[in-house]
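Trainee: Hi, could you walk me through this model? I'm new to reading structures.
Mentor: Happy to, let's look at it together.

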Amino acid sequence: MAKPSMSDIAKLAGVSKNAVSLALRNDAQISEKTREKIAAIAEKLGYAKNPVVSHLMTQLRQSRSPRFQASLGLINAHSDPKAFAQHPTIPTYVAGCRRRAAQLGYVLDEFWLHDPDLDGTRLNRILQARGIRGLVITGLMKENRLPKRFASTWEAFPCVVTGVRTRQPALSFAATDHHMLTMRAFEKALELGYQRPALVLDREIDLLIDGRFSAGIYTAQLALPEKQRLKPFYEVNRARNDPDIFWKWFDREKPDAILTLYNVVRHWLEKRGLQIGMEVGLIQMEWRADRPDWAGMNQHNDIVGEAAVEMLVGMLHNGEKGVPVFPRATLVGSSWMDGATALRS
């Protein structure tokens, strides 16, 4: 029997061969209803056993409103019970978690990890009573260890952390690829014409992500002559009370571009009268929409949140629970954002 062709599909669908070609590429010029019809016919005919058709059918099915599947728990691990709404960056993770959970047909129940009335035993009872099958933990900003009183929870439910890798216990996690982000930011500074980029960061933050900011800087600096490899500045918190600490480093290293997370660095430079962007470029390592004039790297923390939910749902489908023997990681790439604090690309 001859293999079915696009012409066969077009005849059965009552459309042109060109329309079939566009539909099988999921082209928006063809209505979703028609794309779905054509994909169904192609699948039924076994058109060339084409993986493109299977992929298209998956996309079309995912685009439909999902039916309710189950509940997931979203754990606020920050010390502030209102961090999901009021923290500068955590709400972006939360938005991604909520969006992907809804797309997959799950609802999210929120809990605060530092609730004084909550421990593992009580939380487990609540989760079981509400039919919650797994947990996404977000908001860890100062430590990567979870409270011991919830040890029974991490053993009883599949859990995924956003943003950082936890140590105690070591759970699977989704995070920005901080190492590659730093390398790309450094390389972008060189591309823009800066010759002496340097990292300004508080050591506590670097340790929280296992030194991946520092590792990225050290790796990127290998492309420079040794005399242009500047020592990072790790004393931001101390310098907030005594800026002279920063200026001693600055006058010694003489950077012409600074990679940082902190708006206070810009305040210090402007107070000295330096022209931001020209005399000293500022590159924000966690670009935010509420500071659009900064140049920097968009970490896409909402995509990190989405990835965490996808990991958790996969664990549910595989029947996984408890602290994993081999924790898995999903790293999300970042992208450059032009801004007034650095030369334009």
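Trainee: Which residues does Arg266 touch, not counting residues up to four places away in sequence?
Mentor: Arg266 touches Leu282, Asp293, Trp294 and Thr341, where contact means heavy atoms within 4.5 Å. Before going on, note that this is a predicted model, where local features need pLDDT of at least 70, side-chain atom pairs count only at pLDDT 80 or more, and totals for chains, interfaces and linings use all residues. Residues are numbered from 1 along each chain as its sequence is written, and side-chain values use heavy atoms, with hydrogens and water left out.

Trainee: Is Arg266 buried or exposed?
Mentor: Arg266 is buried, with a relative accessible area of 17%. Buried means under 20% relative accessible area, exposed means over 50%, and partly exposed is in between, using a 1.4 Å probe and protein chains only.

Trainee: And where does Arg266 sit?
Mentor: Arg266 is in helix α14, which spans residues 263-271. Helices (H or I, at least four residues) and strands (E, at least two) are DSSP runs, numbered from the N terminus.

Trainee: Which other residues of α14 are buried?
Mentor: Besides Arg266, the buried ones are Val264, Val265, Trp268 and Leu269. Their cover includes β6 (197-200), α12, α13 (244-253), β7 (257-260) and β8 (281-284). After α14 comes Gly273, with a positive phi near 90 degrees.

Trainee: What does Phe250 touch?
Mentor: Setting aside residues up to four places away in sequence, Phe250 touches Pro255, Ile258, Leu269, Arg272, Leu274 and Val280.

Trainee: New topic: why is β5 called largely enclosed?
Mentor: Five of the five residues of β5 (residues 172-176) are buried, so the rest of the structure largely encloses this strand.

Trainee: Which strand does β5 pair with over four bridges?
Mentor: That is β10 (residues 329-332), in the parallel sense, with Phe173 opposite Ala329. Strand β4 (residues 159-162) also runs parallel to β5, joined by three bridges, and there Thr162 stands opposite Ala174. Two strands pair if DSSP finds at least two bridges between them.

Trainee: What about pockets? How much space lies in the largest pocket?
Mentor: About 690 Å³. On a 1 Å grid over the protein atoms alone, a pocket is an open set of points where a 1.4 Å probe fits, with protein on both sides within 12 Å along at least five of seven lines; lining residues have an atom within 4 Å of a point. The volume is the space filled by probe spheres set on the points, which are joined across faces, edges and corners.

Trainee: Which lining residues lie nearest its centre?
Mentor: Of the 30 lining residues, His87, Met141, Ile205, Leu261 and Glu286 lie nearest the centre of the largest pocket. Helix α10 gives the largest share of the lining, three residues.
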